Amino acid sequence: MTADRPIVVGTDGSPSALQAVSWAAKEAALRNAPLTVLTTTFVPGAYGFSVGLPPSFFEEEELEAKKRLARAAEVAADAVPGHSLEIHTVLGTETPAGELVERSKTARMVVVGANRQGIIERMFLGSVSSAVATHAHCPVAVIHGLPDTDITALAGPVVVGVDGSAHTEPAIAMAFEEAELRHTELVAVHAWSDVDLHLAFEGGTDPTWMQEVVKDETARLSERLAGHAEKYPDVKVRTVVVMDQPTHGLREEAENAQLLVVGSRGRGGFTSLLLGSTSRALMHSVNCPLLIVR
């Protein structure tokens, strides 16, 4: 049943990972969903360099991993005081990205932190957010907050990127759901060109045709949102149409947002390849949580 599908969050013990745990706990509480906290440990033969390492190395690594899980469980419980959040901890033995992608098959959302500072973290976990966002079977939230910022306390609207392609339909649906859960406004940003037309026509030109295009694109955006708006009548919607690259408008609106939602790929993307350029660029350039929806 959908109600039993957990929110899964990965942790490596770093401040960014614990921010992700705290955010995931609040998300689980909002949905009355269970929370699964996952970390990984070394096992003999893993990662291609463990030959000759003493058994004590793996014992110590397992002990540290269990400590990470215990600390993460405390952080999760503290994030939702008074809520009987169901928390499960999992100690995996595969690569972090592999474990999270596998868990994504039965999860409603996977949450990862994006800041990796230590050498071990960079070696094994630095690409986790990109790999999981690319290959996961469910939405992926990337937590990339500023140091000492309480991501879970962010106010402001939910922002969603709408490019007019079918890839953004699931993102729009989830953005409406997130806005309703948070009792906040939804800002739908539509960039109708993949290039900056202000630069293309710098030096002066008749703006009449451009105004007509903006008018038409605004109407199309409203039509695309209409069905979802009927399903969520309590969600106030504000539309923004920009003549610019999608990343620029989304970054600007995300500055005051509590969540940014985008599709995994946009116009003309190859569905079996990497993330679309917009979602990939935003992963490491916005400070609010980024939710990538396949």
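Of the 294 residues in the chain, 50% are buried. The model is predicted, and its chain holds ten helices and ten strands.

**Surface and contacts**
- Counting contacts between residues at least 6 apart in sequence, 80% join residues at least 24 apart.

**Helix H1**
- Helix H1 covers residues 15-31, which is 17 residues.
- From first C-alpha to last, H1 reaches 25 Å, close to the 24 Å expected at 1.5 Å a residue.
- Because 14 of its 17 residues are buried, H1 is largely enclosed by the rest of the structure; buried here means under 20% relative accessible area.

**Confidence**
- The mean pLDDT of the chain is 84, with 81% of the residues scoring at least 70.
- Among the elements of the chain, strand S1 (residues 7-10) has the highest mean pLDDT, 98, and helix H4 (residues 119-125) has the lowest, 43.
- Residues 118-126 stay under 50 in pLDDT; the model gives this stretch 15 contacts beyond four places in sequence.
- Residues 267-274 also have a pLDDT below 50, and the model shows 16 contacts for them beyond near neighbours in sequence.

How values were computed:
Residues numbered from 1 in each chain as written. Predicted model: local features only at pLDDT ≥ 70, side-chain atom pairs only at ≥ 80, totals over all residues. Heavy atoms only, no water. Helix = DSSP H or I, 4+ residues; strand = E, 2+ residues; numbered from the N terminus. Expected span 1.5 Å × (residues − 1). Buried < 20%, exposed > 50% of the residue type's maximum accessible area, 1.4 Å probe, protein only. Contact = heavy atoms within 4.5 Å. pLDDT = per-residue confidence, 0-100.
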